[in-house]
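Visitor: Hi, I'm new to this one. Can you walk me through it?

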Amino acid sequence: MANYPISGACQCGKVTYELLAPPKLVVACHCKECQKLSTSAFSITAMVDLADLKISGDLSEWSRMADSGNRSAAKFCSTCGNRIYHFDPANPTAIKLKPSNLTDTSIIQPVAHIWVSEKQEWYQIPEGVKTFDKQPS
Ligand SMILES: [Zn+2]
Ligand SMILES: [Zn+2]
């Protein structure tokens with residue numbers, strides 16, 4: 001079992017944070033936006049409460065409309081651009097942490113893979129996880 005808090009930092013180290021409690025849910029998203037974001041086949045999101053995250057450093061913000069019609073806002077390091085978390089401005093206390101910045105990445109075990117309709121052919125979904133063609137409702 002992981003010991004909390006777990007610290008995290010962006011690539012340049014100017015943004016640091018502590019995750020105080022286990023995420024509620026970890027998912028892998030294979031949508032094209034997440035492929036761009038991760039420069040890989042999918043991105044990983046850990047659902048956490050804003051209260052369980054202590055962040056310090058200078059964050060910039062950008063947002064876009066999501067497929068759901070909700071706005072998806074992103075916080076990233078102002079210096080190196082590394083993505084820290086996403087959130088819906090209409091529900092700003094539910095944080096979608098991009099957890100690859102944590103020092104202990106053993107907690108990053110997606111239990112669901114979403115947007116598998118846009119998945120890269122060569123990536124095989126592990127057994128025993130839930131899959132969704134698009135965004136689960
Ligand atoms: Zn940085
Ligand atoms: Zn996605």
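Guide: Let's start with contacts. Take the pairs in the protein chain that are at least 6 residues apart in sequence: 48% of those contacts join residues at least 24 apart. Keep in mind that this is a predicted model.

Visitor: Okay. What is the secondary structure of the protein chain?

Guide: The protein chain has 1 helix and 11 strands.

Visitor: And what pattern does the protein chain follow along the sequence?

Guide: Along the sequence it reads β-β-β-α-β-β-β-β-β-β-β-β.

Visitor: Let's zoom in. Which strands form the open sheet, and in what order?

Guide: There are 3 strands, in the order S1-S2-S5. The pairing is antiparallel.

Visitor: Which are the edge strands?

Guide: S1 and S5, where S5 covers 53-56. Each of these pairs on one side only. On average, neighbouring strands of this sheet are turned by 15 degrees against each other, ignoring direction.

Visitor: How many bridges join S1 to S2?

Guide: There are 4 bridges. S1 is residues 6-9 and S2 is residues 16-19.

Visitor: What stands opposite Ser7 there?

Guide: Glu18, in S2.

Visitor: What about the hairpin of S1 and S2? How many residues sit between the strands?

Guide: The hairpin has 6 residues between its strands. One of them to look at is Gly13, which takes a positive phi near 90 degrees.

Visitor: Now the other side of S2. How many bridges pair S2 and S5?

Guide: Also 4 bridges, in the antiparallel sense. Look at Tyr17: its bridge partner in S5 is Ile55.

Visitor: New topic. What does the UniProt annotation cover?

Guide: The UniProt record, an unreviewed entry, has "domain: CENP-V/GFA" over residues 6-124.

Visitor: How much helix and strand is there over residues 6-124?

Guide: That stretch is 6% helix and 45% strand. Its end C-alpha atoms are 29 Å apart.

Visitor: Zooming out, what does the C-alpha trace span?

Guide: About 35 × 35 × 25 Å along the principal axes of the protein chain.

Visitor: How does the radius of gyration fit a compact globule?

Guide: It agrees, because a compact globule with 137 residues would have a radius of gyration near 14 Å, and the protein chain has 14 Å.

Visitor: Last one. What share of the residues is buried?

Guide: Buried residues make up 26% of the 137 in the protein chain.

Notes
Residues numbered from 1 in each chain as written. Chains lettered and ligands numbered in written order. Predicted model: local features only at pLDDT ≥ 70, side-chain atom pairs only at ≥ 80, totals over all residues. UniProt positions renumbered as here; feature names shortened; annotations may be inferred. Helix = DSSP H or I, 4+ residues; strand = E, 2+ residues; numbered from the N terminus. Pairing = 2+ DSSP bridges. Axes fitted to C-alpha atoms, helices over the stretch in contact; angles between N-to-C directions. Rg over C-alpha atoms; globule rule 2.2 N^0.38 Å. Buried ≥ 20, exposed ≤ 12 C-beta atoms within 10 Å, placed from the backbone. Contact = placed C-beta atoms within 7 Å.
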